[in-house]
Each structure stands twice: as structure tokens, then as C-alpha cells.
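Student: Please pick one part of this model and take me through it closely. I'd like the cut-offs behind each term as we go.

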Amino acid sequence: RKASAALLERIKKYGSVNGEVVKVDKFINHQVDVELFRIMADDMAHHFKDACLTKIITAETSGITIAHPLAEALGIPYIFAKKKKPITMADFYSADSYSFTKQENTTLYVSKEVLGSEDRVIYVDDFFARGNTLKAVKQIVAQSGAELAGCAVIIDKKGEEGVYSILTLDEIKKGLD
Ligand code: G4P
Ligand code: NA
Ligand code: NA
């Protein structure tokens with residue numbers, strides 16, 4: 001796959017793997033390679049083109065960089081769950097997610113104005129690590145009555161079943177050999 005090869009090439013040139021930690025801040029996490037994101041989003045869009053999706057859901061901050069080009073490719077909006085509730089957000093769904101990297105609980109908030117029982121969504125993110133964000137997103141989607149039709153991430157560190165990824169950590173390690 002073109003997207004997998006393009007991502008592996010960036011990791012070889014500008015990234016690294018240290019045990020279970022993948023360093024990608026020169027092209028994914030901090031500085032953003034928009035050409036790479038276009039290629040990865042097109043790959044995901046092709047995979048989900050017949051899924052009859054109405055929206056994409058992600059969590060701020062780093063999920064936005066892939067949700068945006070994917071939404072553009074699929075011609076649907078994306079929602080980014082917020083980690084701080086704005087005072088203007090009156091009615092909302094919310095769920096807690098424990099972040100191991102930050103060693104703290106984060107609450108995700110989505111306004112009832114943007115998600116409802118008529119929606120069919122996929123969760124998109126940069127990393128699937130422990131699955132905590134997905135768990136919180138599942139709770140929010142359940143509260144709204146919407147349907148969660150799938151999950152797509154750039155790097156899946158677990159090789160989780162049902163998670164569509166550009167590369168798994170195992171594939172990256174093999175590719176770097
Ligand atoms: P989970 O959602 O799968 O449970 O992820 P987990 O809590 O384990 O990870 C917490 C944060 O660390 C997430 O960002 C995730 O994207 C990031 N992360 C996990 N593994 C790696 C890795 O190998 N390399 C890098 N660079 N990041 C990793 P976040 O807390 O949601 O923060 P934000 O970046 O979206 O603001
Ligand atoms: Na992140
Ligand atoms: Na994230």
C-alpha cells in the first residue's frame with residue numbers, strides 16, 4: 001500500500017522507535033507533513049468509502065490532523081471532542097479517558113448539537129495505544145444514540161482487531177530491520 005510505504009519512509013528518514021514509543025514529531029505530531037497526511041487520508045477514505053458515514057469523530061489535539069483531510073476526502077464533517085468544556089456548551093455528552101503519557105484523567109466533551117441518533121461515525125486518531133480514547137469515544141457515541149461504524153488510526157501499537165491502521169508497531173519494527 002502506497003500510504004504504508006510513505007509512512008515507513010518518513011519513519012526511516014525522520015523518526016525512530018524506542019521500545020514501545022514511536023517518535024514521529026517531525027512529520028505527524030508536532031511538525032505536520034501535509035502531503036503524507038493527504039496520502040494516508042486517501043487510503044482511509046478508500047477503505048471506508050462504502051460505509052455510509054455521516055461524520056468522523058476524533059479527540060483534540062493530534063487527532064485533528066488526520067480527521068481533517070479524511071473528512072475532506074469523504075465529503076463529510078468531522079467532530080473533535082474537546083478536553084475542556086466551553087461555557088457556551090450547554091448540553092453535552094462526556095466521558096473520562098485516562099492518559100498514561102500524561103498520568104491524568106482527561107474528560108472528553110461533545111455538544112449534543114453536533115452528534116445524534118441519526119449519525120453513523122468512525123473514530124479516527126493518530127495513535128491507538130491503550131485504547132482509552134476509543135473507550136471514551138464509544139461512551140460518547142452510545143450516549144448520543146449514534147452508531148460507531150469503525151475505527152482508523154495512523155499507527156496501531158497493539159495490532160488491535162477491528163482497528164484499521166496505516167501501520168502497526170510490528171510492521172514498523174519489521175520495516176526498520
Ligand atoms: P489511547 O488513547 O490509545 O489509550 O492512548 P494512551 O492514553 O495510551 O496515550 C496517550 C497519548 O499518547 C495520546 O495522545 C497518544 O496519541 C499518545 N501516544 C501513545 N503512544 C505514542 C507513541 O508511541 N508515540 C507518540 N508520539 N505518541 C503516543 P493524547 O494524550 O490524546 O494527546 P494529544 O497528542 O492528542 O494532545
Ligand atoms: Na497524541
Ligand atoms: Na491523540
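Tutor: Let's start with Thr 58, which is buried, with a relative accessible area of 0% (buried is under 20%, exposed over 50% and partly exposed in between, with a 1.4 Å probe and protein chains only). This is a predicted model, where local features need pLDDT of at least 70 and side-chain atom pairs pLDDT 80 or more, while totals for chains, interfaces and linings use all residues. Residues are numbered from 1 along each chain as written, chains are lettered from A and ligands numbered from 1 in written order, and side-chain values use heavy atoms, without hydrogens and water.

Thr 58 belongs to strand E3 (strands are DSSP runs of at least two residues, helices of at least four). A polar atom of the Thr 58 side chain lies 2.7 Å from the backbone oxygen of Val 124.

Now to the metals. Three residues coordinate the sodium ion (ligand 3): Ser 62 through OG, and Asp 125 and Asp 126 through OD, at 3.0 to 3.2 Å (donors are N, O and S atoms within 2.8 Å, or 3.2 Å for Na, K and Ca, and sites may look incomplete as water is left out). Along the sequence, these donor residues follow the spacing S-x62-D-D. Ser 62 sits in the loop between strand E3 (55-59) and helix H3 (64-74), and Asp 126 in strand E7 (residues 120-128), so the pair ties together parts that are 64 residues apart in sequence.

The sodium ion (ligand 2) is coordinated by Ser 62 (OG) and Asp 126 (OD), at 2.7 to 3.1 Å. Ser 62 bridges this ion and the sodium ion (ligand 3), the two lying 3.4 Å apart. Ser 62 counts as partly exposed at 26% relative accessibility, whereas Asp 126 counts as buried at 7%.

Ser 62 also leads us to ligand 1. There are 22 residues around ligand 1, and those that come nearest are Val 22, Ser 62, Asn 132, Thr 133 and Lys 157 (a residue is near if one of its heavy atoms lies within 4 Å).

For polar atoms, the pairs to look at are N or O atoms within 3.5 Å. A polar backbone atom of Val 22 is 2.7 Å from a nitrogen atom of ligand 1. A backbone N or O atom of Gly 131 lies 2.9 Å from an oxygen atom of ligand 1, and a polar side-chain atom of Lys 102 is 3.3 Å from an oxygen atom of ligand 1. Ligand 1 exposes 720 Å² when taken alone, and the protein buries 84% of that (Shrake-Rupley areas, 1.4 Å probe).

Strand E2 (21-23), strand E5 (92-99), E7 and helix H4 (132-144) each supply at least two residues of the shell around ligand 1. E7 gives the most, with three residues.

His 30 is exposed, with a relative accessible area of 69%. His 30 and Ser 62 are 32 residues apart in sequence, and their C-alpha atoms are 8.5 Å apart in space.

Technical notes. Polar contact = N/O pair within 3.5 Å; in protein donor to acceptor, adjacent residues only side chain to side chain.
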